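Dear colleague,

I am handing over the structure we talked about, and I would be glad if you looked through it before reading on. My notes follow below it.

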Amino acid sequence: MSTLIKGGRVITAADDYVGDVLIEGERIALLGESLDVDADRVIDATGKYVLPGCVDPHTHLDMPFGGTVTIDDVTSGQTSAAFGGTTCHVDFVIQPQGATFAEALEIWRAKAEGKQVIDMGYHMAVTDLREGGTLEELARLPEQGVTSYKLFMAYKGALMVDDETLFRTMEVAAETGALVMVHAENGDAIDVLVKQALAAGNTAPHYHALTRPPETEGEATNRAIQLARIAGAPLYVVHVSCREAVEPIARAREAGWDVWAETCTQYFFIDYSHLERPNFEGAKYVYTPPPRPRENQDVLWHAVRSDILSVVSTDHCAFLWDGQKTLGRDDFSKIPNGAPGLENRLHMIHEFGVRAGRISLNRMVELLATNPAKLFGLYPRKGTIAPGSDADIVVFDPEKRHLISAETHHSKSDYNLFEGTEVTGTPEIVLLRGTVLVENGELQVEPGFGRFVERAAFGQELLPAATR
Ligand code: URP
Ligand code: ZN
Ligand code: ZN
């Protein structure tokens, strides 16, 4: 099967030109100003942007968390992603206490079996590291295409690891070429603050933020950076939300250290005041790190413009408000942490980043597709439009209006963080490996179409499948 996408404005991290893209089978075969070739299907992309499929390196599908399980499984989460122009994501396998990494991977693979709509990889979240067991096994994960280790420095009593585990994992990563990812908050200090708040009778959702002040994020971010420096491991800080965390990252990058970081869509738009919404509505915005005072939003825009932050992810971790968030009606610490977002990252960053003049189209592609693909061992198979790359392409209509709403989104969550926001610009056709995933507002493939991708080691390229 061949497809010719004709006359669109092709935008990568580096290029911006009007031209044609010829797809043969699963890959991009040829690019040109005006290709004189026959194809089984021609898509007229006049007036449209032709973007690489977006890559989301931070999602949680079908994950047990906070006394419940995220509401989006692999099929609903990935369908939501596809409608938003995301064609590949990297989800977190969480090592159950006492389990080996092989057992953890088996559990997560079973959740995805026959359910995948888009392509995906896994990070391994380390929760339990033991000499003579999992420590050795950790070193072998990159051979299986799992080339990033995640550590939670918060969620005491659940996912949190101590500094010894963090540092030992970093030492393994320095040897194996894996990237270390950290959720950077000081979990011990937060635990004390949460207990004090509850003892004082402070149970409402906004205490989620008041017990996780920005300094706890700044301190842990700096600690992770310094430990990674000693271990000689590359570090990626997830979901950066505030000035206190941006500053140590800026210093490390200025010094040329191997430190990268992301923020997530919601931190540009949702602020602390959302948590104070009445009638328990604030619980919709209980995710971690919490929404911050508004002035942090400008700090984050500046950081993505100046490459202090290199990626915008979603941290999609969806729950129902009615039935799941309400578990914490009388105790904010029992509200499951997380929110939906996979479907609206491109919408929101295009509208308020590009259209508002904060970032260029090239930078948007870099933040949402190319940099995540490069950092997580998927590039150049994913994350760009180039001969040999997978034909993961978004034909994006920059003039079409789209109203963001839980009424129409594809996540199973009963709310949307950006409810009622009208954007101009939305994906019209989304292709994955040359096959149309979304067209005419409908999903065009059956679950099972998506594949698991074995990722390359940090800093290595993932060559197009045919040339491996
Ligand atoms: O609240 C959040 N972010 N939930 C998902 C788990 C995490 O910390 O990334
Ligand atoms: Zn986290
Ligand atoms: Zn997360």
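Which residues are the protein donors of the zinc ion (ligand 2)? In this predicted model, they are H183, through its ND1 atom, and H239, through its NE2 atom, lying 2.0 Å from the ion. The four donor atoms around this zinc ion subtend angles of 56 to 153°, and the arrangement is therefore irregular. H183 belongs to strand β12, whereas H239 sits in the loop between β13 and α8, so the pair ties together parts that are 56 residues apart in sequence. Both count as buried, which for this model means under 20% relative accessible area: H183 has a value of 1%, and H239 has 3%. The zinc ion (ligand 3) is 3.9 Å from the zinc ion (ligand 2).

Some of the contacts to ligand 1 are polar: a side-chain atom of Y155 lies 2.6 Å from one of its oxygen atoms, and a polar side-chain atom of D315 lies 2.6 Å from a nitrogen atom of ligand 1. In the side chain of H60, an N or O atom is 3.2 Å from an oxygen atom of ligand 1. On its own ligand 1 has 270 Å² of accessible area, and the protein covers 100% of that.

How many salt bridges does a search of the whole structure find? The search finds 30, and I would begin with the one in which the side chains of K382 and D119 meet, at 2.7 Å from N to O. K382 lies in the loop between α11 and β16 and D119 in strand β10, so this pair ties together parts that are 263 residues apart in sequence. K382 is buried, at 1% relative accessibility, and D119 is buried too, at 2%.

A second salt bridge joins K156 and D188, with 2.8 Å between the closest N and O atoms, and it links the loop between β11 and α4 to helix α5, 32 residues apart. Here K156 is partly exposed, at 46%, as is D188, at 38%.

In a further salt bridge, D271 and R294 meet at 3.0 Å; D271 is buried, at 6%, but R294 is exposed, at 53%. Finally, salt bridges that share partners join E26, D119, K382, D390, D392, R433 and R451 into one network.

Note on methods
Residues are numbered from 1 along each chain as its sequence is written. Chains are lettered from A and ligands numbered from 1 in the order in which they are written. This is a predicted model: local features need pLDDT of at least 70, side-chain atom pairs count only at pLDDT 80 or more; totals for chains, interfaces and linings use all residues. Side-chain values use heavy atoms; hydrogens and water are left out. Donors are N, O and S atoms within 2.8 Å of the metal (3.2 Å for Na, K and Ca); water is not among the atoms, so sites may look incomplete. Four donors count as tetrahedral if all angles lie between 85 and 135 degrees; four count as square planar and six as octahedral if opposite donors are over 155 degrees apart and all others between 65 and 115; anything else is irregular. Helices (H or I, at least four residues) and strands (E, at least two) are DSSP runs, numbered from the N terminus. Buried means under 20% relative accessible area, exposed over 50%, partly exposed in between (1.4 Å probe, protein chains only). A polar contact is a pair of N or O atoms within 3.5 Å; within protein, one must be able to donate a hydrogen and the other to accept it, and residues adjacent in sequence count only if both atoms are side-chain atoms. Accessible areas come from the Shrake-Rupley method with a 1.4 Å probe; for residues, only the protein chains shown count as cover. A salt bridge is a side-chain nitrogen of Lys or Arg within 4 Å of a carboxyl oxygen of Asp or Glu.
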